[in-house]
Amino acid sequence: MRKRIRDGEEKTYVGHVEKIHFTSPFSPMVTNRTYFTTHKSFEPASVIEEQNVHLLAIGKNEVVFLRDDTELDIFNIRKNPIFFLAQTMNAKEMITLPRNVYNKMVEQIDISDREVVWLFQTIRCGSTVWAQIFGSLPSFMVISEAQLMYHSIAFHSDIQNFQQFTSTKEYEDMVVSMIKCYINYIPKDKKVFWKTCILDDHMIPLIHKHFPKHKMVFAYRNSLGCAASYERAFGWMPMLKSDCQSVVDTMFEERPTGAARTMKLFYTNGFDPTMCNKAIRKAILECSPFEWFIVLWSSKVTTVLQCMDQGIDIKPAKYEYLQKNPKQTIRDIFRYLGLSSDLLETACKAMELDSQAGLFFSQQNRTSHAKWQRTKDAVQRCNIVLKSFELPALDSDFVVHD
């Protein structure tokens, strides 16, 4: 399906382009197999440098990109609050490139002079609000949840122990290339605010190692508020309930496959499987997105706390503080990042808008969905998980100190 062509005096592998005819209904875990495609053409490898072509996943031997309409304005945070939704739902063509060609192209990218702020987050913690805040600042552009690491590991590998994989040279090379590739999409006269996604937290030590000038912020919220918000936004989805059942059914299996594997990877955030399995099996979690989200919350919080314990500078941004005193909370973050207080009014005004407007889980749409049904047994199961991670109980306040 691939061939070589001559480009001047050099032999260059070309991208294999497929025309996408149809995409499935929305899936937050959309894969390249979600699409019905037919082969369209071969093009020069330089096709991946086009403005409307963006990296989707890195496999062992090939790299996958999606091409969208140039009019999409995919990095416009007001139009597209979540990057991977805009990328996958508006894809027109899929492009595959040999991994070795991609590696050589990315090696030439230099981002040493770029100013980057990373937002790691527990999900449902005001992270999209922070993206809207920074998107309103004239000097910033936002990358809001590029799902490339999760997509690469979940659908282009058979890795079971992701945390073990993060100690390999292959993972390190993948992380550096992904960061360089995506930051290169943003105009050089703009600072970058990168709101991370599932599995991205494991990149923190490598960002600290390879890009020490980058700043890092951790947006979080108390476990109860986070999980309740997740349940209200997504718990009603039949697909999510079905996938949740798959991890319940395989709870005691060491090497789950299919949806059970990908959702286990999601709910544990790729964290230490021994620790996660111990907590899950001790609690005997039921088919409840709320309960499984507690595992995700615990894994994300623990990953960040471990990095902070190693001396990596990460600034906490608690959602409850942002709600209670938005101006002071934003001022505190701006001061840490060295941003002018003159930008505070612009930032606070950005908070007046629904940061997820137009999405199926916007504030308006969430009001029609049922809340989590609290029971004594459900709370007990959640607290067993939290205790296994040495984190406060479900109804406790939780504070990450600088």
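These are my notebook entries on a predicted protein model.

**Ground rules**

I number residues from 1 along each chain as its sequence is written. Because the model is predicted, local features need pLDDT of at least 70 and side-chain atom pairs count only at pLDDT 80 or more, while totals for chains, interfaces and linings use all residues, and side-chain values use heavy atoms, with hydrogens and water left out.

**Entry 1: the whole chain**

I started with the secondary structure, which comes to 17 helices and 11 strands. Both are DSSP runs numbered from the N terminus: helices are H or I with at least four residues, strands are E with at least two.

Next I looked up burial, and buried residues make up 59% of the 402 residues. Buried means under 20% relative accessible area, exposed over 50%, and partly exposed in between, with a 1.4 Å probe and protein chains only.

The accessible surface comes to about 18000 Å², and 49% of that belongs to carbon and sulfur atoms. The areas come from the Shrake-Rupley method with a 1.4 Å probe; for residues, only the protein chains shown count as cover.

For contacts (heavy atoms within 4.5 Å), I took pairs at least 6 apart in sequence; 77% of them join residues at least 24 apart.

**Entry 2: cavities**

How many cavities of 30 Å³ or more does the rule give? I get two. My cavity is a set of points on a 1 Å grid, over the protein atoms alone, where a 1.4 Å probe fits but cannot get out; lining residues have an atom within 4 Å of a point. Grid points are joined across faces, edges and corners, and a volume is the space filled by probe spheres set on the points.

The largest cavity holds about 40 Å³ of space. Its lining is L148, V175, M178, I179, W194, D200 and M203. Helix α6 gives the most to that lining, with three residues. By class I find six nonpolar, no polar and one charged. In this scheme Ala, Val, Leu, Ile, Met, Phe, Trp, Tyr, Cys and Pro are nonpolar, Asp, Glu, Lys and Arg are charged, and the others, Gly among them, are polar.

The second largest cavity holds about 30 Å³. I list I74, F75, N76, I77, N80, F83, V142 and S144 along it. Here the classes are five nonpolar, three polar and no charged.

**Entry 3: V175, one of the lining residues**

I followed V175 from the largest cavity back to its helix, α6, residues 169–183. V175 counts as buried because its relative accessibility is 1%. Leaving out residues up to four places away in sequence, V175 touches M149, M203 and L206. With L206, 31 residues along the chain, the C-alpha separation is 7.6 Å.

In α2 (residues 99–107), the buried residues are R99, V101, Y102, M105 and V106. Seen down the axis they fall within an arc of 160°, so they line one face of the helix. That arc is taken over the directions from the helix axis to the C-beta atoms. K104 and E107 are exposed on the other side of α2.

Why is α3 (residues 127–135) largely enclosed by the rest of the structure? Eight of its nine residues are buried. I noted them as S127, T128, V129, W130, A131, Q132, I133 and F134.

**Entry 4: H202 and T303**

H202 sits in the loop between β9 (191–195) and α7 (204–210). H202 is buried, at 9% relative accessibility. Beyond four places in sequence, H202 is in contact with F162, Q163, T166, Y171, N269, G270, F271 and T303.

I then checked T303, which lies in α12 (residues 289–309). T303 is buried too, with a relative accessible area of 5%. With the four-place neighbours set aside, T303 touches D201, H202 and F271.

**Entry 5: positive phi**

A reminder to myself: most residues other than glycine have a negative phi.

D73 has phi near 55°. I find D73 in the loop between β5 (62–68) and α1 (83–89), partly exposed at 37% relative accessibility.

R124 also has a positive phi, of about 55°, although it is not a glycine. R124 lies in the loop between β7 (116–121) and α3. Is R124 buried or exposed? R124 is buried, with a relative accessible area of 10%.

How values were computed. On a 1 Å grid over the protein atoms alone, a cavity is a set of points where a 1.4 Å probe fits but cannot get out, and a pocket is an open set with protein on both sides within 12 Å along at least five of seven lines; lining residues have an atom within 4 Å of a point.
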